[in-house]
Amino acid sequence: MTKETTHVRIPLSPVENLSIGALGGAIETTIQMPILTAKFCSQEGRKFPTKIAGWYRGVAVQAGTVAPITAIQFWVNGMILRNLALRGETREATSFEQLYSAAGAGAISALVYSPVDLITIQQQKIGLDPIRTAKTIVAQYGANAIFRGFVSC
């Protein structure tokens with residue numbers, strides 16, 4: 001008779017979650033950069049790059065905005081899973097616990113990313129630095145305008 005062993009995944013520490021999230025966000029951006037470049041060119045009416053380097057121009061800046069958001073998602077997901085779902089128990093999370101941890105992490109990261117995305121888009125339109133762009137939005141439309149686009153309607 002063989003004894004069956006079950007392996008329980010040990011939850012990552014907050015620092016591990018942040019690190020893996022940041023690395024994952026940077027890798028994700030690097031993989032998607034040609035698609036993003038095509039989108040930017042189409043939106044702005046520019047010609048597509050003819051060399052590989054052109055497809056990856058700006059990847060560091062793009063990764064610099066995506067990596068922190070992904071790091072936040074991983075960190076919040078880990079905190080919700082560890083503190084609310086598992087409450088310190090050593091067991092596998094259920095599918096539902098994984099789902100609500102991920103949904104919560106996505107909602108929290110949207111609170112951060114929504115204003116960043118709005119400011120980035122407006123910055124391209126009005127040509128100011130990020131701080132002055134945010135101040136312009138607030139001055140013209142009020143403080144709640146920073147979260148415009150956070151909800152779909």
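**Exercise 1: the largest pocket**

Task: determine which helix gives the most to the lining of the largest pocket, and describe that lining.

Solution. Helix H1 gives the most, with 10 residues, helices being DSSP runs of H or I with at least four residues, numbered from the N terminus. The model is a predicted one, in which local features need pLDDT of at least 70 and side-chain atom pairs count only at pLDDT 80 or more, while totals for chains, interfaces and linings use all residues. Residues are numbered from 1 along each chain as its sequence is written, and side-chain values use heavy atoms, without hydrogens and water.

Next, take the pocket as an open set of points on a 1 Å grid over the protein atoms alone, where a 1.4 Å probe fits, with protein on both sides within 12 Å along at least five of seven lines; lining residues have an atom within 4 Å of a point. H1 (14-44), H3 (59-85) and H4 (95-126) each supply at least two lining residues. The lining comprises 26 residues, and Met33, Phe40, Gln62, Thr120 and Gln124 lie nearest the centre.

**Exercise 2: the second largest pocket**

Task: find which residues lie nearest the centre of the second largest pocket, and which helix gives the most to its lining.

Solution. Of the 15 residues that line this pocket, Arg9, Asn77, Gly78, Leu81 and Gln98 lie nearest its centre. H3 and H4 each supply at least two residues of the lining, and H3 gives the most, with five residues.
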